[in-house]
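Subject: Structure for you to look at

Hello,

Here is the structure I said I would pass on. Please open it and keep it in view while you read the notes.

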Amino acid sequence: MLQLLPPEIALDTLSYLPLQSLYSSALVSRNWNALIAINEATVYRNAALLHRFVPEGDLRADSVSPNPKFTRINWKSYCQRQLMIERGWHGKAPSTVREFTATGAAVHRIKTDEEYGFVITTCQTGGLSVTDARDNRVLWALPPSHVVEYAHCEYDRGYIIFNRHDNCKEVWRRSIDVGDDQVSATSPPDNRMLQSSTEATARFLTAADRRGHFRAWALLQMPEITRAFRFSYPTMLASATNNAYIWDVPRSRLVEVIRDIQRPRNGSIMGRINYVEVNDHYAFICGSTQLRIFSREGGALVYHLSTKDLPDMAWDVLRPEGESGGASSSILEPQTLHKSHHDPSWTPMGEFMACVYCEFRSADPKVANGLRSFSTCLSVWERPRGSHIIRQGSHHPCL
């Protein structure tokens, strides 16, 4: 019986059980239920690690130097929520739809901060707003006179980045993370940013707290005109036509340059830069005719995919039977993915529009050490006959 084992062995045994089995174990007997209840934080913290709801490295660092983010977590509730989200992505959980009207009717880009409960949006007509996700009210904003029309916005871990007409990137930080007069020492904000920051602070001074408030932090000056940029803390990747630039945003420094990204491969170049993505190891650059992946250590090209290399098979998004094109009155509309075989002669006429890199690690004890990685690169390929999703998968630890 589990309760007869020393507590440390019993808890170690439970750490190998997925959440569904933990729930069943608690129903076996009063003793098992008591063991799990008394050690609830440890049991569900281990479950979060098993399901990879939190990075293992973060938990190891927390055991050495406690992180306030983890000390206030109710691990059982956290696991329940993450499991519900996971089930939702598999279509096995109910979904809810909430509408935020405070953001305005011409929203262009959307970012969220789930930890602090707000939504960041830029507008097609200019301006940036931070809206409370709980009660649909504006917490803080920058006017259209400061944020350009159709501004692209990136956000991660308290840093907002958006573009402006002179090709610079403005960086703003959550007010609660910095002092009132603190700015970047290497790339400080200009007078225009500081003035707008002061005006926004004064406008929302009556707020009970500074949640959702931001302050001007840095102005990143690009070496040349860039077409696309992406921020994944602490790194921003900005790509020009022929070179890509990698910035350390907290330090406001250009740290890497990947040159000659358009060098011909398979008889063609990447074409127009449509989208970029970045992680700790790779820079993903999506051109109209090629998707290329570069190593961040030296800038070597490690993978490329051309439109002419694509198989005939693709996934089409089909509208419900009997409906024509045009806008739908429903907020969310069910779609059907249909596997199709297309005429190869259509292939060169299409182009890549975006890409997403996903990495999964198996928690299955049957997989050696539970560490086998599965990596997938999803690219959106647009052609005159519609948009298609192309998946390139690999079990190689590199990709």
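This is a predicted model: local features need pLDDT of at least 70, side-chain atom pairs count only at pLDDT 80 or more; totals for chains, interfaces and linings use all residues.

Residues are numbered from 1 along each chain as its sequence is written, and side-chain values use heavy atoms, with hydrogens and water left out.

The sheet

Helices (H or I, at least four residues) and strands (E, at least two) are DSSP runs, numbered from the N terminus. Two strands are said to pair if DSSP finds at least two bridges between them. An open sheet of 4 strands has the order S5-S6-S7-S8, and the pairing is antiparallel. S5 and strand S8 (214-220) are the edge strands; each has a single partner strand, so one side of each has no neighbour in the sheet. On average, neighbouring strands are turned by 20° against each other, direction ignored.

Strand S5 (residues 153-156) pairs with S6 over 4 bridges, in the antiparallel sense. Asp 156 has Tyr 159 of S6 as its bridge partner, and Cys 153 stands opposite Phe 162 in S6. The hairpin of S5 and S6 has 2 residues between the strands, and Arg 157 there takes a positive phi near 50°.

On the other pairing, S6 and strand S7 (residues 169-174) run antiparallel and are joined by 5 bridges. Here Phe 162 stands opposite Glu 170 in S7. This hairpin has 5 residues between its strands, and Asn 167 in the turn has a positive phi of about 75°.

Is strand S6 buried or exposed? Buried means under 20% relative accessible area, exposed over 50%, and partly exposed in between (1.4 Å probe, protein chains only). In S6 (residues 159-163), 5 of the 5 residues are buried, so the strand is largely enclosed by the rest of the structure. Tyr 159, Ile 161 and Asn 163 cover one side, and Ile 160 and Phe 162 the other; all are buried.

The helix pairs

Axes are lines fitted to C-alpha atoms, for helices over the stretch in contact, and angles run from 0 to 180 degrees between N-to-C directions. Angles under 35 degrees count as roughly parallel, over 145 as roughly antiparallel, 65 to 115 as roughly perpendicular, and the rest as oblique. Contact means heavy atoms within 4.5 Å.

Helix H4 (residues 40-50) packs against helix H7 (residues 75-89) at an angle of about 30°, with the axes 8 Å apart. That makes H4 roughly parallel to H7. Glu 40, Ala 41, Tyr 44, Arg 45, Ala 47 and Ala 48 of H4 make the contact with Trp 75, Lys 76 and Cys 79 of H7.

For helix H2 (residues 19-26) and helix H3 (residues 30-38), the axes come within 7 Å and cross at roughly 130°. That makes H2 oblique to H3. Leu 22, Ser 25 and Ala 26 in H2 meet Trp 32, Asn 33 and Ile 36 in H3.

A loop residue

Arg 265 is in the loop between strand S12 (253-258) and strand S13 (273-278). Its relative accessibility is 32%, so Arg 265 counts as partly exposed. Not counting residues up to four places away in sequence, Arg 265 touches Gln 290, Arg 292, Leu 301 and His 304. Gln 290 is 25 residues from Arg 265 along the chain, and their C-alpha atoms are separated by 9.0 Å.

Regards
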